[in-house]
Amino acid sequence: MSGPYRVLIVSSAAQAILEAAEWWVTNRPKAPDALAVELERALQLLVSQPSIGAQARNVKLAGVRRIHLPRIHYHLYYRVIAEPPTVEVLALWHTKRGTSPDLS
């Protein structure tokens with residue numbers, strides 16, 4: 001796969017990102033921008049190297065990958081669409097939830 005890919009964030013993922021960002025700013029005063037910074041880094045990496053994430057085996061939807069954002073303890077679930085070259089962000093999911101996102 002060659003890049004760069006564009007990023008498309010589905011509405012449910014956008015809502016999860018917004019909620020997590022609001023929580024982070026309110027509850028992490030020593031690093032209020034950590035979620036935004038980590039998410040931006042992950043997206044920059046994915047548009048140039050979209051196959052870098054691990055295959056997500058805990059979801060029903062085919063072709064889903066996830067990348068771990070260790071500083072903030074989230075997984076970013078996504079899939080790659082060939083034409084047009086797109087990284088489709090499907091979910092932002094906290095690692096301590098004990099379940100996986102409903103990606104069916």
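The model is predicted: local features need pLDDT of at least 70, side-chain atom pairs count only at pLDDT 80 or more, and totals for chains, interfaces and linings use all residues. Residues are numbered from 1 along each chain as its sequence is written, and side-chain values use heavy atoms, with hydrogens and water left out.

Q: Which strands are the edge strands of the sheet?
A: Strands are DSSP runs of E, at least two residues, and helices runs of H or I, at least four, numbered from the N terminus. Two strands pair if DSSP finds at least two bridges between them. The open sheet has five strands in the order 1-5-4-3-2, with mixed pairing. Pairing on one side only are strand 1 (6-9) and strand 2 (54-55).

Q: What is the bridge partner of Arg65 in strand 4?
A: Strand 3 (residues 64-69) and strand 4 (residues 74-81) run antiparallel, joined by six bridges. Within strand 4, Arg65 has as its partner Tyr78.

Q: Why is helix 1 oblique to helix 2?
A: Axes are lines fitted to C-alpha atoms, for helices over the stretch in contact, and angles run from 0 to 180 degrees between N-to-C directions. The two axes lie 8 Å apart, and helix 1 packs on helix 2 at about 140°. Angles under 35 degrees count as roughly parallel, over 145 as roughly antiparallel and 65 to 115 as roughly perpendicular. The angle therefore falls in the remaining class, oblique.

Q: Which residues of helix 2 meet helix 1?
A: Contact means heavy atoms within 4.5 Å. Helix 1 brings Ile17, Ala20, Ala21 and Trp24. Their counterparts in helix 2 are Ala34, Leu35 and Leu39.
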